Amino acid sequence: MSQESTSTPAAPEGDDYLERRALRRGSAGWVLLTGLGVAYVVSGDYSGWNFGLAEGGFGGLAIAMVLMGAMYTCMVFALAELSSILPTAGGGYGFARRALGPWGGFLTGTAILIEYVLAPAAIVIFIGDYVESLGLFGLESGWPMYLVCFAIFLGIHLWGVGEALRFSFVVTGIAVVALIVFALAALPDFSFASLDDIPVDASAAGSSSWLPFGLLGIWAAFPFGMWFFLGVEGVPLAAEETREPARTLPKAIRWSMGILVVLAVVTFFAAAGARGSAAIQEAGNPLVEALQPNGKATTLSRIVNYAGLAGLVASFFSLIYAGSRQLFALSRAGYLPRFLSLTSRRKAPYLGLLVPGTIGFLLAALSGNGARMLNIAVFGATISYALMSLSHIVLRRREPELPRPYRTPGGVVTSSVALVLACAALVATFLVDVTAAVIALVVYVVAVGYFGLYSRKRLVAKAPEEEFAALAAAEAELSRD
C-alpha cells in the first residue's frame, strides 16, 4: 500500500454523493470562456495599476508590467496543458493535488480561495465608490450598496451558469470597447515627455527620470503590474461546465491572455502619456482623470466612467463564480466541510456561492478598505502561482508519458520562469503592505491547521481529483512491480 493511501484514508460515501454535487455540463464554449478570462481581470485596467507609479515611476511600473506579464503568460501556457490533462472544477487545486499530493492540493486551493474571496470584497467597495461619484440616483457607498450588489449577482449565479456567463460576456464586452474608445480619445494628447514626469528621488539607488525611485521601485511595483492580469488563471475552474474541455480550455486561456496583454499595454501608455504619470499616480479613476486635464467632466470622460463601473461589475461577477467553483471542488473532495458542495436543481453550488458571498459582504461592510483586501488577495494569488507552476514541472518530470492533448511551448523552462517570477512577486507583497501580507499569512496558517488536524483524514475517494490521484498511484505501483 502506498504512503499516500495510509496518510489520507477516504471516507465512505453513498452512491448519490456525486449526484448531489453535480454541475451543469456543456454550458460554455471557448468564446464564453475567453470572455470569462477577460472579465476576471478587466477592472484592473480601469483602476489600481496606477498606484504602481507611486512605487516605481513609469519605468519601474513598465518593467514590472512586462515581468508580471511574462509570469502570467508562462503560467497560462502551463495551465493550458494541465487543464487538458485534468479538466475538473478544482482547477489549480486539482493540478497540484495530482503533482504534489494532498498537502500540495490543499495549500494551492486555499491560496486560490483567499484570492477569490477577498477580491470581490474589495471590488464591491470600488463599485460603491463609482456609483457615488457618478451620482447615480443619489446613492452613496456603504453596506446597503454592497448588500444589493452581492444579492443581485449571487442571484444571477444561482439562476444558472449559462445565464451567468452570458451576462458576464456582455458586460465585459462593454468594458473592453470602452477601453479602446479611451485609447483613441487619449491619443491626440499623448506625449512621451509626460511619461516620466514624476520627481526623482536622488537618494534611491539607480534612480533616474524613468526610475524615479530606483531599482528597488521595480520590485515594489510588481503587485501593481499584476493587476493587469490578476484572475485570468481562473478559467480552468469552469472545466466541468465546458464543452470538450481538453480542447476548449487551452484555447480560451491563450486567447484571454492575448487580449489582456494588448489591453494592458494600450491602457498603460495612453493614460500616462495623455495626462502624465504624476497626475494619475494616486487617482481612483486614472482613465477618467487622463481625459479631463482641467478637472472638468466631458461627455467622453463620463462614458469611460460608466464603462469603468461596467468593468468593475464584470470582474466582481466573474470572481464570485471562480470562488464558488474553487470552494465547491475543495468541499466535494473533503478538504472543506462537504455540505458546501451541494448543488441546487439548476446545478448551481448554492452554498459555495452564498457562504463566500456572505464573508465577502461582511469584510467589505466592516473594513471598507478595498486596497488592503486586494493586497491580501495578491498574496494568496502569488502562492498559488508558484505551486501551480511547480505542479507542471513535477508532472512533466514524473509522468512524461501522461497523455497531453495540449503541450506547453518550452516545457518546464516556461513553467520555471513563472515559478521564479511568482516567488519574486510574493516577496514584493511585503514591500507594499506588510500588514496585508501578515493577515493573509495568518489566515493561511489557520486553514493549514484545520487540514492537518481534521480534514486530511476525511478526504472523499469518489471526488474526481482524488480519483485521478488514486489512478496515478495505482499505475505507479504497477510499474514498480
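Helices here are DSSP runs of H or I with at least four residues, strands are runs of E with at least two, and both are numbered from the N terminus. The model is a predicted one, so local features need pLDDT of at least 70 and side-chain atom pairs count only at pLDDT 80 or more, while totals for chains, interfaces and linings use all residues. Residues are numbered from 1 along each chain as its sequence is written, and side-chain values use heavy atoms, with hydrogens and water left out.

On that basis, Leu459 sits in the loop between α18 (434–453) and α19 (464–480).

Zooming out, the protein chain has 19 helices and zero strands. Of its 481 residues, 59% count as buried. Among contacts (heavy atoms within 4.5 Å) with a separation of 6 or more, 83% join residues 24 or more positions apart.

The largest nonpolar core holds 149 residues, and Tyr46, Tyr72 and Tyr385 touch the most other members. Such a core is a set of buried Ala, Val, Leu, Ile, Met, Phe, Trp, Tyr and Cys residues joined through side-chain atoms within 4.5 Å. Helix α5 (residues 92–134) gives the most to this core, namely 22 residues. Beyond its neighbours within four places in sequence, Tyr46 is in contact with residues including Tyr130, Ala175, Leu179, Pro286 and Val304.

Two helix pairs round out the picture. Helix α2 (residues 30–41) packs on helix α14 (residues 299–332) at about 110 degrees, with the axes 7 Å apart; axes are lines fitted to C-alpha atoms, for helices over the stretch in contact, and angles run from 0 to 180 degrees between N-to-C directions. The pair is therefore roughly perpendicular, given that 65 to 115 degrees counts as such, under 35 as roughly parallel, over 145 as roughly antiparallel and the rest as oblique. From α2, Leu36, Ala39, Tyr40 and Val41 meet a set in α14 that includes Ala314, Ser315 and Tyr321.

Helix α16 (residues 370–398) and helix α17 (residues 412–432), by contrast, pack at about 160 degrees with axes 8 Å apart, which makes α16 roughly antiparallel to α17.

Terms used:
Buried < 20%, exposed > 50% of the residue type's maximum accessible area, 1.4 Å probe, protein only.
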